[in-house]
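Thanks for coming, everyone. Let me put the structure on the screen, and then I'll walk you through it.

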Amino acid sequence: MSPAYESPHAPRLGGKSAVAVFVAVLLAFVAETQLAQFLQTTLEYRQSYFIFYTVHSCFSLSLPIHLFYLLCTTKNGLQPLLLGLRFAIVQQLTSRSEQNVDIRHRTPTIAKTALLVVLLTIFSSLPGLLWFAAVPLASVTDITAIWNANAFFTYIFSVKLLGLKWGTLRLLAVCLATLGVIVVVYGGTTASPPGPESTLTSIAHQPAPFVGDVLTLSASLVYAFYQVVYKKYIALPTDLDLTSESTNYQGLYSADDADDENQPPTSSKDKIVYPPPFGLHPNLVIASMGMCTLLLFWIPIPFLHYYGLEEFRLPTRVDTLMAIAGIAASAVVFNAGTMILLGIWGPIVTSVGSLLTIVLTFFSDMFFGTVPFTFSGLVGTGMIVGAFAMLVFDMS
């Protein structure tokens, strides 16, 4: 693609840091998958919503952990780091009427910030909840195939909302990856299908395939839309060679170009770290969503218990607690890493790259004896790997 016609939202490789995050995301998903299988099958603890609530609430730990790491490994203090994050938030929440006010003197509106966090939490959680609702109604095979069509939907939304051009190579890669998923799930390899908390679902199935398929399709569409909206409005430029490009993300209110007084302070006496260090802003977002989950998403638990939809039962065994802790830790890495990659690579490459979890899960299932080796599984995983390689070539 010629640079003259390239959208500012076009994906880039992002250097070694992005590759390291991507590897961590893949390994974290496989760990989450195997631990969740162990929790539900061997330990027989199948409190799906409670696990969902516990795991997503633990997202709130991602920001404190990252800040602690930065304080131990860099010379930056806590206040400059927090001021840099505050500056980023203020920029995103700036309206046209406020553009003439020195941005260092603005205060992030609590109502706007809270509304943004709640909306992000709903859009990120809704696909998982729809998935939970669909699993008892339709087959895992159908649900997995439909869910992973979100890579194709993400491409459509990216073209429409991010201004990307229709690229033959990208479209071919997305279609190849989607076809690879279909080959895997319909070729006899059905264990451990990836999806939003897919491994936390119940084993039992009831025949209502049309409703289940519609719910899964809705979940796939919502998740694809969420990824693109996050890239367009929330993500900051995190690639080191892109941090100076103001067009790499779009504020929520599309304020006009700021004048010099609205630029971040850069001298040492101003004590502010901007742009935020790699991955810190996505961890702020994911931690805010985790706190929102902790404070609000407990409300359905007593109703689920009262109406017999899911009996509330706290884990009492040490191995069950350890399994849940392991799932939460791997989920924090997976989701925080995914948010970072959405900002660097964009939703198309990230969604196709996430399909590589099928490849790793396929081989890990064979290693642990969960599923047998099948030729269709090998062909399907090869198609997914090939599709991701095409996208990497397109970025390079």
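**Starting at helix α7**

Let's begin with helix α7, residues 150-162, where the buried residues are Asn150, Ala151, Phe153, Thr154, Tyr155, Ser158, Val159 and Leu162. Keep in mind that this is a predicted model. Look at the spacing in that list. In general, an α-helix has 3.6 residues a turn, so residues three or four places apart point the same way.

Is Lys160 buried or exposed? Its relative accessibility is 62%, so Lys160 counts as exposed; the cut-off for that is over 50%. Follow the chain on from Lys160 to Val228, 68 residues apart. Their C-alpha atoms are separated by 9.8 Å. And just after α7 comes Gly163, with a positive phi of about 75°.

Let's step back to the whole chain. How many helices and strands does the protein chain have? It has 15 helices and 0 strands. The chain has 396 residues, and buried ones make up 51% of them. Next, contacts with a separation of 6 or more. Of those, 84% are between residues 24 or more positions apart. Then the surface. The chain exposes about 18,200 Å², and carbon and sulfur atoms supply 69% of that.

On to helix α10, residues 280-296. I'll take a residue from it that is covered. Asn283 is found in α10. Asn283 has a relative accessible area of 8%, so it is buried; the limit for buried is under 20%. What does Asn283 touch, leaving aside neighbours within four places in sequence? It is in contact with Ser62, Leu63, His66 and Ala336.

α10 also has a helix partner. Helix α2 covers residues 48-57, and the axes of α2 and α10 come within 7 Å. They cross at roughly 140°. The cut-off for roughly antiparallel is over 145 degrees, so α2 and α10 count as oblique to each other. Which residues meet there? From α2, they are Tyr53, His56 and Ser57. From α10, they are Gly290, Thr293 and Leu294.

Stay with Leu294 for a moment. It lies in α10, and it is one of the residues meeting α2. At 34% relative accessibility, Leu294 counts as partly exposed. Leu294 also belongs to a nonpolar surface patch.

That patch is about 1,100 Å². Its members are Met291, Leu294, Leu295, Leu296, Trp298, Ile299, Phe303, Tyr306, Tyr307 and Leu309. Which helix gives the largest share? That is α10, with 4 residues. Helix α11, residues 300-306, supplies at least two, as α10 does.

Last stop: charges. Side chains of opposite charge can pair when their charged atoms come close. A search of the whole structure finds 1 salt bridge. It joins the side chains of Asp319 and Arg317, at 2.7 Å from N to O. How covered are the two partners? Asp319 has a relative accessible area of 30%, so it is partly exposed. Arg317 is at 43%, and so counts as partly exposed too.

To recap: a chain with 15 helices and 0 strands, a nonpolar patch that draws its largest share from α10, and 1 salt bridge.

Conventions:
Residues are numbered from 1 along each chain as its sequence is written. This is a predicted model: local features need pLDDT of at least 70, side-chain atom pairs count only at pLDDT 80 or more; totals for chains, interfaces and linings use all residues. Side-chain values use heavy atoms; hydrogens and water are left out. Buried means under 20% relative accessible area, exposed over 50%, partly exposed in between (1.4 Å probe, protein chains only). Contact means heavy atoms within 4.5 Å. Accessible areas come from the Shrake-Rupley method with a 1.4 Å probe; for residues, only the protein chains shown count as cover. Patches are made of residues with over 30% relative accessible area and no salt bridge: like charges are joined within 9 Å, nonpolar side chains (Val, Leu, Ile, Met, Phe, Trp, Tyr) within 5 Å. A salt bridge is a side-chain nitrogen of Lys or Arg within 4 Å of a carboxyl oxygen of Asp or Glu. Axes are lines fitted to C-alpha atoms, for helices over the stretch in contact, and angles run from 0 to 180 degrees between N-to-C directions. Angles under 35 degrees count as roughly parallel, over 145 as roughly antiparallel, 65 to 115 as roughly perpendicular and the rest as oblique.
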